[in-house]
Amino acid sequence: MKIQRTIYHLYFLVWSLLIPGCTDFVETDLPPSQLTGEAVFTDRATATAALANIYAGLRNQTLITGGYRGIGNLLGHYADELDHYGDGIGTIYNFNIHSVLATEPELATLWNNSYNLIYACNSILEGLEDNTALSEMDREQLQGEALFLRGFIHFYLSQLFGDIPYVMATDYRENAQIGKLGSSEIYELLVSDLERAIDLLPELYVTPDRIRVNRYAAMAFLARVALYFGDWDRALSLSNDVLARTDLYTWEEDLDQVFLKGSKGTLWQLKPVASEGNTLEAQTYIFESGPPINQGALTRSFMDGFAPGDQRAVHWTRGITNGTTVWHHPYKYKANAPTGSSVEHSVVLRLGELYLIRAEARMQLGALDGAMADLNKIRGRAGLSDMEGLDRMGVEAALIQERRYELFTEFGHRWFDLKRFQKAGEVLGPLKPNWQEYHLLFPIPQSELLANPNLNPQNDGY
């Protein structure tokens, strides 16, 4: 087993050192004579480089990448945020018209890239087990981040595919035959990983620009997980604890400051590959002429749904016209080219979502005045008047509205909200001719079912 583990770690080290952008946090120059599995975890720099590769994989390749294959873009088209302008073929078009099959190559890529990063998390955790070469502080930091990232990736996979394997080891023989877990079991494992991460991670950030998670980023994410799984008390407690840290996090009243790299309302963000680069989101969403061929534009229904006077329509969207027609694109990120130094990073967790999490938890627990206070925090920044005196149904409608216009095109929030509030059929049925209730989950990639029969049965409808 030790030899096998050494082989895994040797592979992981070489992978980490060769993939561009994986060493954003450190510069490594490991002599060839030290290219052994043990060397990864006897040196702080190389161990950190291995971790950096996971962040880079999320930024460049899968799930929360701001590129076209990230869930912000894919689910923006799958829900009601983005319309596709193109030739009527290809992945984005299939997502837009709800024609995603188990043989869709992009699903297999998303699944495999995500589980490859989970494998990398497990490799780090196994390499740090009983490790005495690193200081306790460094070891706990790396373990905490690996646990957080493992939970983070599993959470998204479970939201997209439903019952999934929760992989916690690098043993390829075990993983090749692993089966799926149900929602309650997945939630228990998510809570376990994230609570352990919270215990291990420091309160303060270990790098500039908040590009590696700290304790409060992990708490904020666990608050979201708890919210999605209906654990309102936990979601409320965690969001309260994070929002109380006003020494670390400051509410940004200026909409144009929210997505700048120095915003104090950011809990975690992904650093661009190059020091002068900016976000993949800007490259994906911004267009300069219309119609935006092979890109997405914000749907007419989305633009028409802004409340009168909502300044997010002014500051976070931008209209492009050909003289007769106007198309709008997301404009949260405005730097669509290299600058002297990066001005925008891809924001993954931020205070705006925390207030919405707390508002929802309060609403579910019957504290309607507190829920409205949190929603008014969001509305006030958008230039909207305060709400008061709403009943339970009114607060829920306001919450769904504020989540739609605060979090649009950020990592699939809208799609997940339509699912959680059981609004998907009501909203998407009239917009998507192919809509079926089974579209609430994606199919498990056919190639994975063939490779591992224990992943059967396929999700209903596929």
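**View 1. Lining of the largest cavity in the predicted model.** Seventeen in number, given here as 17 residues, the lining of the largest cavity includes Glu281, Tyr285, Tyr333, Thr409 and Glu410, which lie nearest its centre. Two elements, helix H4 (71–78) and helix H12 (280–285), each give two or more residues to this lining, and the largest share, 3 residues, comes from H12.

**View 2. Helix H15 and the glycine that comes just after the helix.** Helix H15, which runs through residues 351–364 and has 14 residues, reaches 20 Å from its first C-alpha to its last, close to the 20 Å expected at 1.5 Å a residue. Of the 14 residues of H15, 13 are buried, so the helix is largely enclosed by the rest of the structure. Just after H15, glycine 366 takes a positive phi of about 90°.

**View 3. The largest nonpolar core and the surroundings of leucine 267.** The largest nonpolar core has 111 residues, and those with the most contacts inside this core are Phe148, Phe152, Leu267 and Trp268. When its neighbours within four places in sequence are left aside, leucine 267 is in contact with Tyr205, Arg210, Tyr216, Ala217, Ala220, Val242, Tyr249, Leu349, Arg350, Leu351 and Leu354.

Note on methods
Residues numbered from 1 in each chain as written. Predicted model: local features only at pLDDT ≥ 70, side-chain atom pairs only at ≥ 80, totals over all residues. Heavy atoms only, no water. Helix = DSSP H or I, 4+ residues; strand = E, 2+ residues; numbered from the N terminus. Expected span 1.5 Å × (residues − 1). Buried < 20%, exposed > 50% of the residue type's maximum accessible area, 1.4 Å probe, protein only. 1 Å grid on protein atoms, 1.4 Å probe; cavity = no way out; pocket = protein on both sides within 12 Å on 5 of 7 lines; lining within 4 Å. Core = buried A, V, L, I, M, F, W, Y, C linked by side-chain atoms within 4.5 Å. Contact = heavy atoms within 4.5 Å.
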